[in-house]
Amino acid sequence: MFFEEFQVGQRFTSATREVGERDLAAFTELSGDRHPLHTEGGGRFAAPVLHGPFGLAVFLGLFHELGIMTDSVLALLDTRWRYRAPILVGDTLHFELTITRCHRTSAGDEGVVNRHVKLLNQDGVTVQEGTTAVLVRARDSGPDPAGRAFGTVAWGEAVVERLGAEFAAATATWDGTIGLRSGDHEVHLRIYRGRVLEVTRRTPLGATFVLGADELTWTELITGEHNDFMRRAMRGEFEVSGSGYEYLRLTKALALLVDAAREVAR
C-alpha cells in the first residue's frame, strides 16, 4: 500500500505470536538488562516478565508480516508507547491497528501515516498501547482529501464549507473563537454572529475555548456509524480549555461542526 491508499479509520488486525522461554532469554541477552524482574520474577509478579520494549518489537514484526508496506515504507518516525500489563512467557500476542491521520509531506512524493496500536494477549487484555508514525512512499503528488488530517486549516475550511443555516442560527448571537485540537494539531474558527470569518492555526487573542482529544478519539467520532459527540464529551473523552461557560453555550454548534466533519470524511 502506498500513501494514497491509506484512509483515516482503516483498521488492521495481525496474526498471533506466542511468547516462549527463548524470547525472554534472547531479549535479555540482546538488551543486557538482567534485572531479577526479568530473570526470576518477584515483587507483584510470580513469574519473569518480558522487557517492556519486547512488546514494541513484537508489534513491528507482526506488522511486517502483514505485508502492506513491504516496498512503500521509508522510515519509522516516532513511537509513543505505554505499558498497560505484563507480558509473560506463554502469552499469545496480536495487535489491532487504526489509521488516525494521513498527511503528505511538502516534497509531495511521500506521506506520513499515523497509527494507533493496541497489543493484546490471549485474554483480550491490552498489554501495551501507543501511537507510531511512519513515512510512506506516494504514487503521485496529490492533492489529498481534506478529511484525512483533523485539526489542520484545510480540514477546518472544508468543515466550514458544509455548515448551513442551523449552525448560523446556533451562533447568531455569539462573538468568539472555537479551537479544535486533534493530537498535536489545532485549528481556530473565528465566528461573529453566525458567520465564520476566518479559519486559521491561531487567532491573535487566542480561542474562547479549545475542544481537544487524541487522534483516535477524533477518528472514532468522525468515522463511526453515528455522531456520538455528546456521549463522548460526557464520558470525558474530550478536554476543554478556556471558557467552560461558552463551551456549554455552544454544545449544539459543536455537534453541528461534528456533523459537517463527518460529511467531509465521507
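Here is a walk through this predicted model, from the whole chain down to a few single residues.

Let's start with the overall picture. The protein chain holds nine helices and eleven strands, and its C-alpha atoms fill a box of roughly 65 × 45 × 35 Å along the principal axes. Of the 266 residues, 45% are buried. The chain exposes about 13500 Å², with carbon and sulfur atoms supplying 50% of that area. If you take the contacts between residues at least 6 apart in sequence, 71% of them join residues at least 24 apart.

Now for the inside. In soluble globular proteins, nonpolar side chains tend to be buried together. Here the largest nonpolar core has 34 residues, and Trp155, Ile178, Leu180, Trp218, Phe229, Leu254 and Leu257 have the most contacts inside it. Several elements each supply at least two residues of this core, namely the helices α4 (153-161), α6 (215-223), α7 (229-234) and α9 (251-265) along with the strands β7 (175-182), β8 (185-192) and β10 (209-213). The largest share, eight residues, comes from α9.

Next, the helix packing. Two packed helices are described by the angle between their axes and the distance between the axes. The axes of α4 and α9 come within 8 Å and cross at roughly 105 degrees, and angles of 65 to 115 degrees count as roughly perpendicular, so that is how α4 and α9 sit relative to each other. On the α4 side the contact is made by Trp155, Ala158 and Val159, and on the α9 side by Leu257, Ala260, Ala261 and Val264. Sorted by type, the residues of this contact are seven nonpolar, no polar and no charged.

Helix α9 has another partner in α6. These two pack at an angle of about 80 degrees, with their axes 8 Å apart, which makes α6 roughly perpendicular to α9. Here Leu221, Ile222 and Thr223 in α6 meet Val258, Ala261, Arg262 and Ala265 in α9. The residues of the α6 contact with α9 divide into five nonpolar, one polar and one charged.

Finally, two single residues. Serine 182 is found in strand β7. Is serine 182 buried or exposed? Its relative accessible area is 1%, and the cut-off for buried is under 20%, so Ser182 is buried. Not counting residues up to four places away in sequence, Ser182 touches Arg101, Phe150, Gly151, Ala213, Glu215 and Trp218.

Arginine 139, in the loop between β6 (126-137) and α4, is exposed, with a relative accessible area of 56%. Which residues does Arg139 contact, leaving aside its neighbours within four places in sequence? They are Phe2, Glu4 and Glu5. As for glutamate 263, it is 124 residues from arginine 139 in sequence and 26 Å away in space, C-alpha to C-alpha.

Terms used: Residues numbered from 1 in each chain as written. Predicted model: local features only at pLDDT ≥ 70, side-chain atom pairs only at ≥ 80, totals over all residues. Heavy atoms only, no water. Core = buried A, V, L, I, M, F, W, Y, C linked by side-chain atoms within 4.5 Å. Buried < 20%, exposed > 50% of the residue type's maximum accessible area, 1.4 Å probe, protein only. Helix = DSSP H or I, 4+ residues; strand = E, 2+ residues; numbered from the N terminus. Axes fitted to C-alpha atoms, helices over the stretch in contact; angles between N-to-C directions. Parallel < 35°, antiparallel > 145°, perpendicular 65-115°, else oblique. Contact = heavy atoms within 4.5 Å. Nonpolar A, V, L, I, M, F, W, Y, C, P; charged D, E, K, R; others polar. Areas by Shrake-Rupley, 256 points an atom, 1.4 Å probe, with all protein chains shown as cover.
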